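Hello,

Here is the structure I promised to hand over. Please open it first, then read my notes below.

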Amino acid sequence: MNPAEFIIHKRSGLAHSDIEIREFIRAFTAGDVADYQMAAWMMSVFFSGMTRDETRSLVIAMRDSGQVMDLSGLDSMKVDKHSTGGVGDKTSIILAPLLASLDVCVPMISGRGLGHTGGTLDKLEAIPGFDVNLTPDQFLKNLKAVGTAMIGQTKNIAPADRSMYAIRDVTGTVESLPLICGSILSKKLAAGLDALVLDIKTGNGAFMKTYEDSTELGRWLVDLADDLGTETLAWVTDMNQPLGNAVGNWLEVSECIDVLKGSGPADVRELSLALGASMFRLANPGTGWQEARSACSAQLDNGHAFDKFCDMVDHQSGDTPVVRDPESYPRADQQWEIVAPSTGWVCEIDTFSIGMAGVDLKAGRTKTTDTIDPRTGCRLHKKIGQPVAAGESVCTVFAAKTADKSTITRRLEKAFHIGPDAVVAPPLLKAVIDRDGLTATNPFVA
Ligand code: URA
């Protein structure tokens, strides 16, 4: 394998063979291809793309770069969920305990923040003591005892993705359909799942900005995963504004706790119920959409999902008193308000800029070595379609002592567009894609 030749081949817009792709990923995992060569190849893929067959080979090669877990010893159906990434996108923390409380086993392997988007692992680590680095044996033990465990990629699970993900984050190669497929499916298929639910984000805070690109990504992911033996369903959901009100690691965990206790923002609950019902149906074939949704909503309202969350936190060495009393969490050093410059309606939110403000606040990273401040972020008070008066706060910022207040304020002020006319918020649930194709009607609406 000559990495330079391999890169030039893709740079010239040519397709690789299955053997070439497997060899390149094997050599990279073994340390025989340098990070800068991987970065150059991924940039070539970014511009030249990959065929469906090449992408399938990439998924398999990345999956097989490490161990494929054998969870066949667990009796219940093993179903996971993964999102393509967004801002305030926190549903994994709700879904894992929620589904476990319904006897669906959720072996969740999550990632860190990528670009302007938040990562489930960073959010979980905001819980003092929470250990996302369980060994495979501990992972299995917790799955048996609790029904769910949420971990990061161990050294052995899709190690190629672990390294490629970190390189993509800092080399402008995130928004590539084949690379996203390789990344998501390699780690999900390495986890020994029976079924998978995907949340494909679309809009100005997503990696795929248009509905067409997002549905295409959804079709590729569903077809490839199905083809490789894991039944998969994808929702295409709106990311033209942050999900919920909280953006930032602890702020988001705290919002999840509200939803797990039956309250919290309506959009977070709605999306959690849609994704949760989909997971429940995959684990319990033949269940209707409404029945599955009602089963999930009952667990949020009767406290069982929250109890399961506390059990999971406890089994992963997290501080359960603080999740039972979120107000006791240490506060950020400073907070201030972003106010509306005029009276009107919020007509648009630049979600990417809100995500980048999160990075400025150290709720995300610009370099892989950056340390996260779990206390920082912002809480939105206004979303698209809501009226606002001049001088009223549209969001509260939570920051460390050292934060660059004027840059962050400017970025956030520009993120809220206020117009003179009322607008309707974009629908959250846009389409469902399964092995039978795409349905643009909401299955919960009779
Ligand atoms: N989530 C992933 O795990 N990988 C991507 O490439 C994008 C979102």
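**What I found**

L95 lies in helix α5. (Helices are DSSP runs of H or I with at least four residues, strands are runs of E with at least two, and both are numbered from the N terminus.) Please note that this is a predicted model, where local features need pLDDT of at least 70, side-chain atom pairs count only at pLDDT 80 or more, and totals for chains, interfaces and linings use all residues. Residues are numbered from 1 along each chain as its sequence is written, and side-chain values use heavy atoms, with hydrogens and water left out.

**Helix α5**

L95 has a relative accessible area of 0%, so it is buried. Buried means under 20% relative accessible area, exposed means over 50%, and partly exposed is in between, with a 1.4 Å probe and protein chains only. What about the rest of α5? T91, S92, I93, I94, L95, A96, P97, L98, L99 and A100 are buried. That is ten of the ten residues of α5 (residues 91–100), so the helix is largely enclosed by the rest of the structure. Along the chain, L95 and F352 are 257 residues apart. Their C-alpha atoms are separated by 25 Å.

**The ligand**

Where does the ligand sit? It is in the largest cavity. A cavity here is a set of points, on a 1 Å grid over the protein atoms alone, where a 1.4 Å probe fits but cannot get out. A molecule sits in one if more than half of its atoms lie within 2 Å of its grid points. The elements that give two or more residues to the shell around the ligand are β1 (79–83), α8 (159–169) and α9 (177–189). The largest share, four residues, comes from α9.

The residues around the ligand are H82, S83, T84, L114, Y165, R168, I180, S183, I184 and K187. Each counts as near if one of its heavy atoms lies within 4 Å. By class, the shell has four nonpolar, four polar and two charged residues. Ala, Val, Leu, Ile, Met, Phe, Trp, Tyr, Cys and Pro count as nonpolar; Asp, Glu, Lys and Arg as charged; the others, Gly among them, as polar.

For H82, a polar side-chain atom lies 3.0 Å from a ligand oxygen. For R168, the distance is 2.8 Å. For K187, an N or O atom in the side chain is 2.6 Å from a ligand oxygen. Taken alone, the ligand exposes 240 Å², and the protein buries 97% of that. Accessible areas come from the Shrake-Rupley method with a 1.4 Å probe.

**Loops**

K78 is in the loop between α4 (52–63) and β1. It counts as buried, at 6% relative accessibility. A polar atom of its side chain lies 3.3 Å from the backbone oxygen of S76.

The loop between α16 (351–360) and β9 (377–380) holds P374. At 25% relative accessibility, P374 counts as partly exposed. P374 and G31 are 343 residues apart along the chain, with C-alpha atoms separated by 33 Å. K362 lies in the loop between α16 and β9. K362 counts as partly exposed, at 46% relative accessibility.

Most residues other than glycine have a negative phi. K362 has a positive phi of about 75°. S317 also has a positive phi, near 65°. S317 is found in the loop between α14 (304–315) and α15 (320–324).

Best wishes

Methods:
A polar contact is a pair of N or O atoms within 3.5 Å; within protein, one must be able to donate a hydrogen and the other to accept it, and residues adjacent in sequence count only if both atoms are side-chain atoms. On a 1 Å grid over the protein atoms alone, a cavity is a set of points where a 1.4 Å probe fits but cannot get out, and a pocket is an open set with protein on both sides within 12 Å along at least five of seven lines; lining residues have an atom within 4 Å of a point.
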